[in-house]
Amino acid sequence: MRPRQLLLIRHARAAGGPVDLERPLTAEGAQQAAALGAWLEHAGLVPDRVLVSPARRAVQTWEQAGAAVSPRVQPISDARIGDNTVDALLAAIRETPEDVRSVAVVGHNPSIGELAGVLDDGRSDPVARRGVESGFPAGGVAVFDVAVSFAAVGPGAATLRNFRVPSD
């Protein structure tokens, strides 16, 4: 049986705005999100479950990326993703049903980058690890193999296999 996969995705580039939750993607951000979707499809990374921050930029990122990858999977808007803390992200991920093999989380820094750092079990791909450690840019994705159930995921429970910024 293939290991479970967890995809941590930082929303694509967003415009400024007076209300943070309403900030949309820029034209460049829409291109980043489309490139992300094309890369995920090419890599065969099709999530069974997608958790998305309610922020407009995160929703738009998955709308663009998911159109190429997983149009049948309805994203789940989860306010905890927007809380932007590692604990909130873990709480949302841990509620994943047992039969789900792959989860994508579309959120924000600093929590996406911090979670990528704490999940790693030390057996990560060195190039991917350097990518995560150098910052988690907009439109980036970290791909983890998870050997435990999503209900048990926590620090040191996953192996970082890949890190990409498909629009670069």
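## Around valine 105

Leaving out its neighbours within four places in sequence, valine 105 makes contact (heavy atoms within 4.5 Å) with Leu6, Leu7, Leu8, Ile9, Leu51, Ile81, Leu89, Ile93 and Ile112. This is a predicted model, where local features need pLDDT of at least 70, side-chain atom pairs count only at pLDDT 80 or more, and totals for chains, interfaces and linings use all residues. Residues are numbered from 1 along each chain as its sequence is written, and side-chain values use heavy atoms, leaving out hydrogens and water.

## Two cores

A nonpolar core here is a set of buried Ala, Val, Leu, Ile, Met, Phe, Trp, Tyr and Cys residues joined through side-chain atoms within 4.5 Å; buried means under 20% relative accessible area, exposed over 50%, and partly exposed in between (1.4 Å probe, protein chains only). The largest one has 29 residues, and Leu6, Leu8, Val105, Leu119, Ala142 and Phe144 have the most contacts inside it. Among the elements supplying at least two residues each are strand E1 (4–10), helix H4 (86–94) and strand E5 (141–146); helices (H or I, at least four residues) and strands (E, at least two) are DSSP runs, numbered from the N terminus. H4 gives the most, with five residues.

Apart from that core lies another, of 17 residues, including Leu7, Val50, Ala104 and Val143.

## Helix H1

On H1, Gly29, Gln32, Ala33, Leu36, Gly37, Trp39 and Leu40 are buried. Looking down the axis, these fall within an arc of 165 degrees (taken from the directions from the helix axis to the C-beta atoms), so they line one face. Their cover includes E1, helix H2 (56–69), E5 and E6. Ala27, Gln31 and His42 are exposed on the face turned away from the buried side.

Just after H1, glycine 44 has a positive phi of about 75 degrees.
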